[in-house]
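User: Hi! I have a new protein model to look at and I'm still learning how to read these. Could you walk me through it?

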Amino acid sequence: MEIIVGKTAGFCYGVKRAVEGAKEELEHTKEKVYCLGEIVHNKQVVNELEKKGLVVIEDIEEAKGKTLIRAHGVKKEIYDIANRRKIELKDYTCPNVLKIHKMVEKYAKEGYYIFLCGSKKHPENLGTLSYCNENFYVIEKEEDTIKALESLKKSSIPKLLVISQTTYSLEKFYIIEEIIKNELPKNIELIVKNTICKATEIRQKETEELSKKVEYMIIIGGVNSSNTKKLYEIAKVNCQNCVCVETVKQLDLQEVKKCHKIGIMAGASTPQESIEEVVRTICGNEGAERVFRR
């Protein structure tokens, strides 16, 4: 048996920064530390931090002391509410997300209509949209693009900015961009900013390459992790035997061990311990002939 673990599997920079920051805050603060929403989309990571004393809240009004802002960021008004209530905020929003907030705020002030490619309910996008004016449209999938363009035409706004959730599918973004360029009236100024983070792009490309070379593909990540879902969607196109699991307990080991070449990738919020546990469990007492880390 041969196991190939993707080079980019596991924590990205933004997640690592947020998790390590939370651990440090818990270590150096005697009082309760709060976090507005799950700091990252991974139950194992959140559970570990809760055991150390982190209190996850869903409303800033619940905060009674130092409060962490998760890697996905929060709505603009949260900062004002915290300031008014004299709540100390520790901002662990991913730097890439903060760049998008500044960009969107700038273009909104300049009168641009904004298309955001991503999920309407994803916390990152809820934060980003709070920096827009009322003229925006969320494109979740390629089919939504024509409706978005109709909304733009009704607004009579002559300027359009197209951006993306940092963990959106690169392939889908390019398709949407192409549709917009083909269908957009010539009198409308168009600016397209590919705001999918580089780590996401590289991870998606590696998943595509790896899934073409193996008999069985395992994607590890949180059930509510957007970037993990994207990896699974990419992998299952190229590998018939493909599963997405949160923990090793969800693996069908009998099916896995029928294969000689196994690929493993993990979402940006998946800790290294979860990846190592999957590798160890598959190997068992027999071990694998080769375990590669790309």
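User: How many helices and strands are in the protein chain?
Analyst: This is a predicted model, and its protein chain has 11 helices and 13 strands.

User: And how compact is the protein chain, going by its radius of gyration?
Analyst: The radius of gyration is 21 Å, close to the 19 Å that the globule rule gives for 294 residues, so the chain is as compact as a globular protein of that length. If you boxed in the C-alpha atoms along the principal axes, the box would be roughly 65 × 55 × 25 Å.

User: What share of the residues count as buried?
Analyst: Of the 294 residues, 51% count as buried. The accessible surface comes to about 14900 Å², and carbon and sulfur atoms account for 47% of that surface.

User: Which residues touch the most other members of the largest nonpolar core?
Analyst: Those are Met-217, Ile-218, Ile-262, Ile-264 and Ile-282, in a core of 30 residues. Several elements each supply at least two residues of this core, including strand E1 (2-5), strand E10 (216-220), helix H9 (226-238) and helix H11 (272-283). Apart from it lies another core, of 18 residues, with Phe-115, Ile-139, Tyr-168 and Ile-188 among them.

User: Let's zoom in on Ile-218. What is it in contact with, beyond its neighbours within four places in sequence?
Analyst: Among its contacts are Val-243, Val-245, Leu-251, Ile-262, Ile-264 and Ile-282.

User: How far apart are Val-245 and Glu-61 in space?
Analyst: They are 34 Å apart, C-alpha to C-alpha, and 184 residues apart in sequence.

User: What about contacts across the chain, how many join residues at least 24 apart?
Analyst: Taking contacts between residues at least 6 apart in sequence, 72% join residues at least 24 apart.

User: New topic: His-101. Which helix is it in, and what does it touch?
Analyst: His-101 is in helix H4, which covers residues 95-109. Not counting residues up to four places away in sequence, His-101 touches Val-74, Glu-124, Gly-127, Thr-128 and Tyr-131.

User: Why does His-101 count as buried?
Analyst: Its relative accessibility is 3%. The cut-off for buried is under 20%, so His-101 falls on the buried side.

User: Now backbone angles. What is the phi of Lys-86?
Analyst: Lys-86 has a positive phi of about 60°, although it is not a glycine. Most residues other than glycine have a negative phi. Lys-86 is in the loop between helix H3 (77-84) and strand E5 (89-91), and at 75% relative accessibility Lys-86 counts as exposed.

User: And what is phi near for Ser-156?
Analyst: The phi of Ser-156 is near 65°, again a positive value in a residue other than glycine. Ser-156 lies in the loop between helix H6 (145-155) and strand E8 (159-164), and Ser-156 is exposed, with a relative accessible area of 62%.

User: Last one: how many positive and negative side chains does the protein chain have?
Analyst: There are 49 positive and 45 negative side chains, and the centres of the two sets lie 2 Å apart.

Key
Residues are numbered from 1 along each chain as its sequence is written. This is a predicted model: local features need pLDDT of at least 70, side-chain atom pairs count only at pLDDT 80 or more; totals for chains, interfaces and linings use all residues. Side-chain values use heavy atoms; hydrogens and water are left out. A nonpolar core is a set of buried Ala, Val, Leu, Ile, Met, Phe, Trp, Tyr and Cys residues joined through side-chain atoms within 4.5 Å. Buried means under 20% relative accessible area, exposed over 50%, partly exposed in between (1.4 Å probe, protein chains only). Helices (H or I, at least four residues) and strands (E, at least two) are DSSP runs, numbered from the N terminus. Contact means heavy atoms within 4.5 Å. The radius of gyration is taken over C-alpha atoms; the globule rule is 2.2 Å times the number of residues to the power 0.38. Accessible areas come from the Shrake-Rupley method with a 1.4 Å probe; for residues, only the protein chains shown count as cover. Lys and Arg count as positive and Asp and Glu as negative; His and the chain ends are not counted. The place of a charge is taken as NZ of Lys, CZ of Arg, CG of Asp or CD of Glu.
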